[in-house]
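Thank you all for making the time this morning. I would like to walk you through one model, going from a single element out to the whole chain and back again.

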Amino acid sequence: MPFLDRLQRWADDRPDETAVVVAGEHLSWSGLRDQAAALVPAAPAVTVLSEHNSVRFAVAFTAAVAGERQCAVLDPAWPQQMQDNIAARIAGTEPEPAAAPCPATPALQPARGTELVDGPPETSFLIGLTSGTTSIPKAFTRSRRSWRESFDASIEFFGLTREDKSLAPGPLAASLNLYALAECLYAGAEFHTLEHFDVGAAHAAVSHDGITRLVLVPTMLRLLSERGLAGGVDASGIRSIICAGSKLDARTLEAARRWAPNATIFEYYGASELSFVSGAGLRPGQPVEPGGAGIGKPFPGVDIRILDDHGAGLPDGKDGNICVRSGMVSNGYLWGDDGQALRCFDGWYTVGDQGFLSGGTLHMLGRRSDMIIAAGTNVYPHEVEMALASVPGVAAAVAAGMTDDVRGQRVVAGVVLSHGAVTATQLRSGIDDVLARNKRPLEYFALAELPLTDRGKISRQLLLDWVAGNDPRIRRLG
């Protein structure tokens, strides 16, 4: 694992300083090293780790990637039958070859060595799993070298230092938080998380543990910021906020800047299979550019091109497949590769996300699979959501495509209101100047809450399910 040599250094230099804090339980650098080292001799070639957040998770993960071992981190919230099926596949799988000319995934190797040391850079250490609840997730692998390069890029971009105390309040089974843990161990920075996401517990950590850095998704940031402002929680000590998952809407950004006035707020685009792609940081006091889908410049060590489905380059302003070339891209899939999940065009990789470049800035439109085709027009939910989020009175928005016998699909949208009442007419008027007529929603719904997955990400399918089932959390706007 790319952080084990660093862990040994921090344990020698700062043995009694805190490395990891989970729900108030502290683990020192020497404690983490010694406890993980004790587990290594019995650790198998491939560990399937399915645990809720705990200090034990950090120890087990560290031991599970020693030498040439590999670790698959499963979401403990997944059904047990699914977890058993994944474990069985990992135990008996042979890697599926990646579509040429992409490199094939290295075969699973037997465990070697009984010491807490890093394996060769080119070997795989992590079996990543796409999130899923009803089918077997796709599985891909990452090399030790790819994460070492990712660490160097993210530490440079986000400015992580040994003096930082990072709080990632989400589940460690999610790639965002697992990476944050490993990144901190690599950088020698103190890492904090919670037993489970809880606004009060997160606020307590910010107030009493000297947190300087937050790593989280937009929905969590909005909750912490708005409730923090209402409750008088002092976040002036936070110097950086790293947000992933989707572009920040205007209201979340405004609340975060008021709550944490000294923080640089970073938003970035990346994918589990690609690692970091592009990002931007908003410094304290820096003016906010209104609206838009811009998600910053390429990350250090990353080249970006927009290619069509045949691999041909597209000019500035023309949308197509966001393709990257970097040393941080994953190896490929162990299983589940349908030829579309991770495509390769002569060394340029894409997961099917759509966007365009303008003046060197990447503009993110969304996943091809989320695209709505309404009466022959391609509509990306993200652009609808960003337009609605700019309307006064709207705290957040989610859009989706509903089956329509005439149009094929029609755009529908749900909004969470920040205050008072907003009508469908007001919403239509509010997006007149920012969204083309043929991309505007035909139906609007008021939401009591956002439709979210168990990892805090927007679920557009859940919105459609609520509409179809007349769910009490949704109300049609006239």
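Taken along the principal axes, the C-alpha atoms fill a box of roughly 65 × 55 × 45 Å. Buried residues make up 56% of the 478 residues, and, among contacts between residues at least 6 apart in sequence, 69% join residues at least 24 apart.

As for the surface, the protein exposes about 19,800 Å², of which carbon and sulfur atoms supply 49%. There are 43 positive and 54 negative side chains, and the centres of these two sets lie 4 Å apart.

Now to helix 2, residues 29-39, where the buried residues are Trp 29, Ser 30, Gly 31, Leu 32, Arg 33 and Ala 36. What do the buried residues of helix 2 pack against? Their partners are helix 1 (4-13), helix 3 (55-64) and helix 6 (175-187), together with strand 1 (18-22) and strand 2 (25-28).

For another setting, consider Ala 250, which belongs to helix 9, residues 250-259, and which is partly exposed, with a relative accessible area of 49%. Ala 250 and Val 288 are 38 residues apart in sequence, and their C-alpha atoms are 8.9 Å apart in space.

Finally, a word on confidence: the mean pLDDT of the protein is 90, and 93% of its residues reach 70 or more. Over residues 94-101, however, pLDDT stays under 50, and the model has 16 contacts beyond four places in sequence for that stretch. Residues 103-111 are also below 50 in pLDDT, and this stretch has 29 contacts in the model beyond near neighbours in sequence. Where pLDDT is low, the predicted coordinates should not be read in detail.

Notes. Residues numbered from 1 in each chain as written. Predicted model: local features only at pLDDT ≥ 70, side-chain atom pairs only at ≥ 80, totals over all residues. Heavy atoms only, no water. Buried < 20%, exposed > 50% of the residue type's maximum accessible area, 1.4 Å probe, protein only. Contact = heavy atoms within 4.5 Å. Areas by Shrake-Rupley, 256 points an atom, 1.4 Å probe, with all protein chains shown as cover. Lys, Arg positive; Asp, Glu negative; His and termini not counted. Charge placed at Lys NZ, Arg CZ, Asp CG, Glu CD. pLDDT = per-residue confidence, 0-100. Helix = DSSP H or I, 4+ residues; strand = E, 2+ residues; numbered from the N terminus.
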